[in-house]
Amino acid sequence: MMMRRKTKAIKIGNCVIGANRPIAIQSMAKTKTADIENTVRQIKDLEAAGAEIVRVAVKDKLDAQAIKKIKPRINIALVADCHFHWELAVQAIDNGADKIRLNPGNIYKADEVKRVISALKSAGIPLRVGVNSGSLPGLNSKKMPVSTRLVSFAMNYIKMVEKMHFYDIVVSLKASNVPDTIEAYRKISKACDYPLHLGVTATGLALQGAVKSALALGVLLAEGIGDTIRVSLTDKPQEEVRVAKYILQALGLRKFGLELISCPTCGRCEVDLVKIVKDLENKLSKYNLAFTARPKKLAVMGCVVNGPGEAREADAGVAFGKKDGILFINGRRIKKVTPFNCIDILLEQIQ
């Protein structure tokens, strides 16, 4: 079991992060917040996918006021994402947000920050100091590395907030590339004991974004750094949650249910394994079984070299030969299956 970085605990609505708590999964609603029905619908979808914290954009007064109507209809913590206008942060607090995210790149004047901190104290909710490379002053400066400037910028802001006697803080430092992100979080992890929100910003479409996020977050989490994560994708927010779960489960940091193992196929494979696995995954997703079902480990293998061994090691597995396959349950050989009935048989075992 990897050693986690020691941090203080921070309560965000009904979710607590830090102090060795399970690493929480976040996403962000991609709707106009003032569009209450669509925002609630999307948050409900995120809840069903397994998100524990959701962030909403607060661009104007209507967005801030909408929080009051959204909160009673959802079951996960709600964070208000505020930029440029400190007044909107205060309005979001007054309307029931569970946490406020401020960007030091655009809300930085001490008197303005002090007003937000005063409202946070009164409401008893925390602040995320969220620094992004895209809003970092002097981004193209060659005088010091991006990671160093991210940390310096964040720490100066944190010290200003601490002078206001406020310590319920979460920190994030997101760059749009993997090396800068990793180095920034490594440095900030040694500079403070606040919980860290991990993420890579502006990663791109699903595949590229998943790879970037898995690399950066995987390295940091394996080093014990990170208390909550958000995978940023140019895609549906539910996909962000799925990728986050895969990352955490692959590292053994959390268990959500089913782990699907399948071989890459080669010239020895004599069935259309790609189609079988894709059809199985679609059905698992349709019935919301992928992260809630038993057994824990499911194997679908395409040949006799590694197939029987992987299928035996799984809670349920199929190893195909020339045309038919063998079904294994808890290491025991049960019966023959075909490419046409194996999915239904495996789903029966899962359910």
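Helices (H or I, at least four residues) and strands (E, at least two) are DSSP runs, numbered from the N terminus. This is a predicted model: local features need pLDDT of at least 70, side-chain atom pairs count only at pLDDT 80 or more, and totals for chains, interfaces and linings use all residues. Residues are numbered from 1 along each chain as its sequence is written, and side-chain values use heavy atoms, with hydrogens and water left out.

**Stop 1: Cys 192**

Select Cys 192. This residue sits in the loop between α6 and β9 (197-198). Its relative accessibility is 13%, so Cys 192 counts as buried (buried means under 20% relative accessible area, exposed over 50%, partly exposed in between, with a 1.4 Å probe and protein chains only). Leaving aside neighbours within four places in sequence, Cys 192 contacts Arg 5 and Met 155 (contact means heavy atoms within 4.5 Å). The C-alpha atoms of Cys 192 and Cys 303 are separated by 51 Å.

**Stop 2: α5 and α6**

Select residues 146-162 for α5 and 178-191 for α6. Their axes come within 8 Å and cross at roughly 40 degrees. Axes are lines fitted to C-alpha atoms, for helices over the stretch in contact, and angles run from 0 to 180 degrees between N-to-C directions. α5 and α6 are therefore oblique to each other (under 35 degrees is roughly parallel, over 145 roughly antiparallel, 65 to 115 roughly perpendicular, the rest oblique). Show side chains at the contact. On α5, look for Leu 150, Val 151 and Ala 154, among others. On α6, the contact residues include Glu 183, Lys 187 and Ile 188.

**Stop 3: β7**

Select residues 127-132, strand β7. Here 6 of the 6 residues are buried, so β7 is largely enclosed by the rest of the structure. Leu 127, Val 129 and Val 131 point one way, while Arg 128, Gly 130 and Asn 132 point the other. Two strands pair if DSSP finds at least two bridges between them. Ile 100 has Leu 127 of β7 as its bridge partner.

**Stop 4: the sheet from β11 to β15**

Finish with an open sheet of 5 strands, in the order β11-β12-β13-β14-β15, with mixed pairing. Its edge strands are β11 (259-262) and β15 (332-337), each pairing on one side only. The twist averages 20 degrees from one strand to the next. Then select 342-350: helix α11 packs on the sheet, touching β12, β13, β14 (325-329) and β15. The direction of α11 makes about 160 degrees with that of β13.
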